[in-house]
Amino acid sequence: MKKKFLAKVLSVMMAAALLTGCGGGGSKDTDTAGGSSDVITVGFSQVGAESDWRTANSESMKSTFSEENGYKLIFDDAQQKQENQITAIRNFIQQEVDYIVLAPATESGWDSVLQEAKDADIPVIIVDRMIDVSNDSLYTAWVGSDFKLEGQKACEWLKAYAASKDMKEINIVDIQGTIGSSAQIGRTEALNEAVEANGWNLLAQQTGEFTQAKGQEVMESMLKQHDNINVVYCENDNEAFGAIDAIEAAGKKVGPDGDILVMSFDTTKAGITDTLSGKIILNTECNPLHGPRVEEIIKKLENNETPDKQAYVDEGIFAHGADVDKVTVNGTDYTVTEVTEDVINGRAY
């Protein structure tokens, strides 16, 4: 923001000098000065393209920060590597962008590069996953999901569903997300606490890296090691798709009338389509449409207003069937929506 202000000041000074030297014949210079300084340049470091959720997140950012909307977006796909994101941020600093937006691969390891951005007076906005830094002044604002709450909602639903179906045992496996990411940490922590509180049998935990291929590979391994699995807790939709493929290839049936219940997170259109059929029994929402939310933060900063330091998005819970209509977490009730064709048709991603 500082350099935009300086650029405008210099532009005005140059125009004044030309008017003085040329006797007021400055129409050409007025045309030259028009418009370009009003374009806001945003550098966005996206963690990758590992899932349908991530694709929707990228598209939300690209459609929001378009030339038509007055922005220049510099988009960088880090391919799941934090070192690539650090390089991208340094490139953004060199290019003197107005804002840096970061969807971090992991929570830690950001202090040095974000200090560089702060020294360059470039605001940093964190989206989706949270970061763990020594000084929270290293970033301007964060917007995203409460991943532990997502997990708590899912686990409370499983507890209520098991009671409604008189399930004697919960023999559960956890296909985790990318280890060290906020989504993995929060959803895993919620499950671990629920396992201890409810006496469930947690048979195995292994990362599926938020991808369908890895989710299938992990599920295949778990099925070979454990013949009594009746619940799979997948930490995103793509892992769930892979797990379902592995379960069906092993000759088992997923769903309420089958051998194994598959739980998931994200609620992509493909994910809740599988929820309608019962292949996924519960899908807890993680909303990827952060573009407008980030733009709202930038507009506040442009108007010299102070945005909220952290902003959680509201998210729902979607189930196959109406066996459980609400869950209660920390004293707050959350409605469980039964998936229908209308629900699917109303999805934006």
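Gln79 counts as exposed, at 55% relative accessibility, where exposed means over 50% relative accessible area, buried under 20% and partly exposed in between (1.4 Å probe, protein chains only). Gln79 lies in the loop between β2 (71-77) and α4 (82-94), and its phi is positive, about 55°, although it is not a glycine. A positive phi, of about 50°, is also found at Asn330, again not a glycine. Asn330 sits in the loop between β13 and β14 (332-338) and, at 69% relative accessibility, counts as exposed.

The model is predicted: local features need pLDDT of at least 70, side-chain atom pairs count only at pLDDT 80 or more, and totals for chains, interfaces and linings use all residues. Residues are numbered from 1 along each chain as its sequence is written, and side-chain values use heavy atoms, with hydrogens and water left out.

The protein chain has 12 helices and 14 strands; helices (H or I, at least four residues) and strands (E, at least two) are DSSP runs, numbered from the N terminus. Of its 349 residues, 50% count as buried. The chain exposes about 15,800 Å², of which carbon and sulfur atoms supply 47%; accessible areas come from the Shrake-Rupley method with a 1.4 Å probe, and for residues only the protein chains shown count as cover. Contact means heavy atoms within 4.5 Å. Among contacts between residues at least 6 apart in sequence, 71% join residues at least 24 apart.

Eight strands form an open sheet with mixed pairing, in the order β7-β6-β8-β9-β10-β12-β14-β13; two strands pair if DSSP finds at least two bridges between them. At the edges stand β7 (201-207) and β13 (326-329), each with a single partner strand, so one side of each is left without a neighbour in the sheet. Neighbouring strands of this sheet are turned by 20° against each other on average, direction ignored, the axes being lines fitted to C-alpha atoms (for helices over the stretch in contact) and angles running from 0 to 180 degrees between N-to-C directions.

Within this sheet, β6 and β7 pair in the parallel sense over six bridges, and Ile172 has Leu202 in β7 as its bridge partner. In strand β6 (residues 171-176), six of six residues are buried. Both faces of β6 are covered, with Asn171, Val173 and Ile175 on one side and Ile172, Asp174 and Gln176 on the other. Strand β10 (residues 282-285) and strand β12 (residues 317-319) pair in the antiparallel sense over three bridges, with Asn283 opposite Phe318 in β12.

Strand β5 (residues 141-144) is likewise covered on both faces: Ala141 and Val143 on one side and Trp142 and Gly144 on the other are all buried. Strand β4 (residues 124-127) runs parallel to β5 and is joined to it by three bridges, Val127 having Val143 as its bridge partner. Three bridges also join β5 to strand β11 (residues 310-312), again in parallel; here the bridge partner of Trp142 is Gln310.

Helix α6 (residues 147-164) has 18 residues and reaches 26 Å from its first C-alpha to its last, close to the 26 Å expected at 1.5 Å a residue, that is, 1.5 Å times one less than its number of residues. Its buried residues include Phe147, Leu149, Trp157, Leu158 and Tyr161. Just after α6, Asp166 takes a positive phi of about 55°.

A nonpolar core is a set of buried Ala, Val, Leu, Ile, Met, Phe, Trp, Tyr and Cys residues joined through side-chain atoms within 4.5 Å. The largest such core holds 25 residues, and Trp157, Leu158, Ile172, Trp200, Tyr233, Met263 and Leu282 touch the most other members. Two or more residues each come from α6, α7 (182-198), β8 (231-234), β9 (261-266) and β12; α6 gives the most, with six residues. Leaving aside neighbours within four places in sequence, Leu158 is in contact with Ile170, Ile172, Trp200, Val231 and Met263. Apart from this core lies another, of 22 residues, among them Ile86, Phe92, Val97 and Ile122.

Ala56, in helix α3 (residues 52-64), counts as buried at 14% relative accessibility. Not counting residues up to four places away in sequence, Ala56 touches Pro288, Leu289 and Tyr349. Ala56 and Asn287 are 231 residues apart in sequence and 9.3 Å apart in space, C-alpha to C-alpha.
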